[in-house]
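Please look over the sequence and the model shown here, and then read the short briefing that follows, which is arranged by topic.

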Amino acid sequence: MSTKGSNYGDIHRYEPARESTAAAVAIVLLTVIEVVFIGLFTYGLVNGWGLSGEGNMYLGFLLAIVFIDLAFILLLYRKEFLPDVMIVKKRRRKWEDLYVREEDVDGEQLGDASALDTLKRAVYPYYKK
């Protein structure tokens, strides 16, 4: 489903998600593995495995496996169950957002008019046209 509109926020391209059954089964299996590793990590943490050098390495390994497994779950979910949507964004040049108004070019005068006490501050407001 594509639109020909070029206004800001119009959907340029929409591809629905595949929603495959194999990905759903893989996510469920990875979630079960995730729960097992979290349970093993919690059991080791409660029983004081981290007090020895080898036990501490083992807990670190379990924690790394937990996060890697979570990354694969999120990767499969994003790839298989989220649609691919491209929207139209407003393209601007670098200098269009930040510019100085003509009346602010010389800055603002602070203090009296004498040369030593005059301090000018340039004002660069975020000003939209």
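Y43, W49 and Y58 form one aromatic cluster, where rings of Phe, Tyr and Trp (its six-membered ring) pair if their centres lie within 6.5 Å. The model is predicted, with local features needing pLDDT of at least 70 and side-chain atom pairs counting only at pLDDT 80 or more, while totals for chains, interfaces and linings use all residues. Residues are numbered from 1 along each chain as its sequence is written, and side-chain values use heavy atoms, with hydrogens and water left out.

**Aromatic pairs**

- By this rule the count comes to three aromatic pairs, and planes under 30 degrees apart count as stacked, over 60 as edge-to-face and the rest as tilted.
- One of them joins Y43 and W49 in an edge-to-face arrangement, with 5.7 Å from centre to centre and 85° between the planes.
- Another, between W49 and Y58, is tilted, with 5.5 Å from centre to centre and 50° between the planes.
- W49 is partly exposed at a relative accessible area of 26%, and Y58 is partly exposed at 37%, where buried means under 20% relative accessible area, exposed over 50% and partly exposed in between (1.4 Å probe, protein chains only).

**Helix packing**

- Helices α1 and α2 pack at an angle of about 160° with their axes 9 Å apart, the axes being lines fitted to C-alpha atoms over the stretch in contact and the angles running from 0 to 180 degrees between N-to-C directions.
- That angle makes α1 roughly antiparallel to α2, since angles over 145 degrees count as roughly antiparallel, under 35 as roughly parallel, 65 to 115 as roughly perpendicular and the rest as oblique.
- The residues of the contact of α1 with α2 divide into 23 nonpolar, two polar and three charged, with Ala, Val, Leu, Ile, Met, Phe, Trp, Tyr, Cys and Pro counted as nonpolar, Asp, Glu, Lys and Arg as charged, and the others, Gly among them, as polar.

**Salt bridge**

- The structure holds one salt bridge, meaning a side-chain nitrogen of Lys or Arg within 4 Å of a carboxyl oxygen of Asp or Glu.
- E80 forms this salt bridge with R18, the closest N and O atoms being 3.9 Å apart.
- The pair links distant parts of the chain, 62 residues apart, with E80 in helix α2 (residues 53–81) and R18 in the loop between β1 (11–15) and α1 (21–46); helices (H or I, at least four residues) and strands (E, at least two) are DSSP runs, numbered from the N terminus.
- E80 counts as buried at 10% relative accessibility, whereas R18 counts as exposed at 57%.
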